[in-house]
Amino acid sequence: GEKNCVDRWICLGDLFVKGPQPQKTADYIESMIERESITLVKGNTDESIVHGLPDKFTQEKRAELSPYVEFARSNLSKSCISWLKELKGSFNIETLSQNFIFCHAGLGGLDIATAPDMKDDVLITTLSGNTELHTASLFYGHIHIPYMRKISDVSIFNVGSVGLPFDLDCRASYIIVEIDDLDGFIKKASFMRVAYDLERLISISKAVELPGIAQYLDIMKLR
């Protein structure tokens, strides 16, 4: 952030599940909260840590995901789970010219399914829920695939994933957005990819006995 002169970080949820060091991640996030340099949005896996997996999940899906959720929950402090519980699913920043919307999966819920190649009207309807989107930029996560699309006067950005990308590129993914101070429009949006020590990641994951590590390494293309 300092290197890129970032004024404010916004994290769009899914902070801990399927990661090998939940509390270390929480400690770093809390240090950013104390410096007032980050705003957090709740993701569906964050909600699962607090309230358990959704009732609508099949027994098969619950059996698959429960070990990940329990690992994260058992490795997080009570204070962390407390502030996780208070997170909102979305928030807005309004400028003179447009509305910036930040959410995890969409404005209609935390686990809405979308895809980068959806038809324009379907994508807008799915992401917006019951909200009318006009002259807006919407940023979301959830699907772990970075992309940008412009549909009429709405710009849609998926930021990808820092720790679990699904686009066959295991580097961390995020977006840096520059907003014009005069008119409030986006001046530049840059998709960033950052390599990190994958061997160390594997070593830590094995040492802490991260659940489903084989699947995790497959997703990261590390086997």
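How many bridges join strand β5 (residues 136-140) to strand β7 (residues 154-158), and do these strands run parallel or antiparallel? Five bridges join them, and the two strands run parallel.

**Figure 1. Overview of the predicted model and its confidence.** The model is predicted: local features need pLDDT of at least 70, side-chain atom pairs count only at pLDDT 80 or more, and totals for chains, interfaces and linings use all residues. Residues are numbered from 1 along each chain as its sequence is written, and side-chain values use heavy atoms, with hydrogens and water left out. The predictor's confidence in each residue is its pLDDT, on a scale from 0 to 100. For the protein, pLDDT averages 91, and 97% of the residues score at least 70. Helices (H or I, at least four residues) and strands (E, at least two) are DSSP runs, numbered from the N terminus.

**Figure 2. The open sheet of five strands.** Strands of a sheet pair through backbone hydrogen bonds, either parallel or antiparallel. Here the strand order is β3-β4-β5-β7-β6, with mixed pairing; two strands pair if DSSP finds at least two bridges between them. The edge strands, β3 (90-94) and β6 (147-151), each pair on one side only. From one strand to the next, the twist averages 15 degrees.

**Figure 3. Strand pairs within the sheet, and a helix packed on the sheet.** In the parallel pair of β5 and β7, Tyr140 has Asn158 of β7 as its bridge partner. Helix α5 (residues 120-128) packs on the sheet and touches β5, β6 and β7, where contact means heavy atoms within 4.5 Å. The direction of α5 makes about 105 degrees with that of β6. Strands β3 and β4 (residues 99-103) run antiparallel and are joined by five bridges. A hairpin of four residues joins β3 to β4, and Asn92 has Ile101 of β4 as its bridge partner.

**Figure 4. The packing of α2 on α4.** Two packed helices are described by the angle between their axes and the distance between the axes. Axes are lines fitted to C-alpha atoms, for helices over the stretch in contact, and angles run from 0 to 180 degrees between N-to-C directions. Helices α2 and α4 (residues 78-86) pack at an angle of about 120 degrees, with axes 9 Å apart. Helix α2 is therefore oblique to α4; angles under 35 degrees count as roughly parallel, over 145 as roughly antiparallel, 65 to 115 as roughly perpendicular and the rest as oblique. Asp46, Ile49, Val50 and His51 of α2 meet Ile81, Leu84 and Lys85 of α4. By class, this contact of α2 with α4 has four nonpolar, one polar and two charged residues. Ala, Val, Leu, Ile, Met, Phe, Trp, Tyr, Cys and Pro count as nonpolar, Asp, Glu, Lys and Arg as charged, and the others, Gly among them, as polar.

**Figure 5. The crossing of α1 and α4.** The axes of helix α1 (residues 22-34) and α4 cross at roughly 60 degrees and come within 11 Å, so the two helices are oblique to each other. Ala26, Ile29 and Glu30 of α1 make the contact with Ser79, Cys80 and Trp83 of α4. The residues of this contact of α1 with α4 comprise four nonpolar, one polar and one charged.
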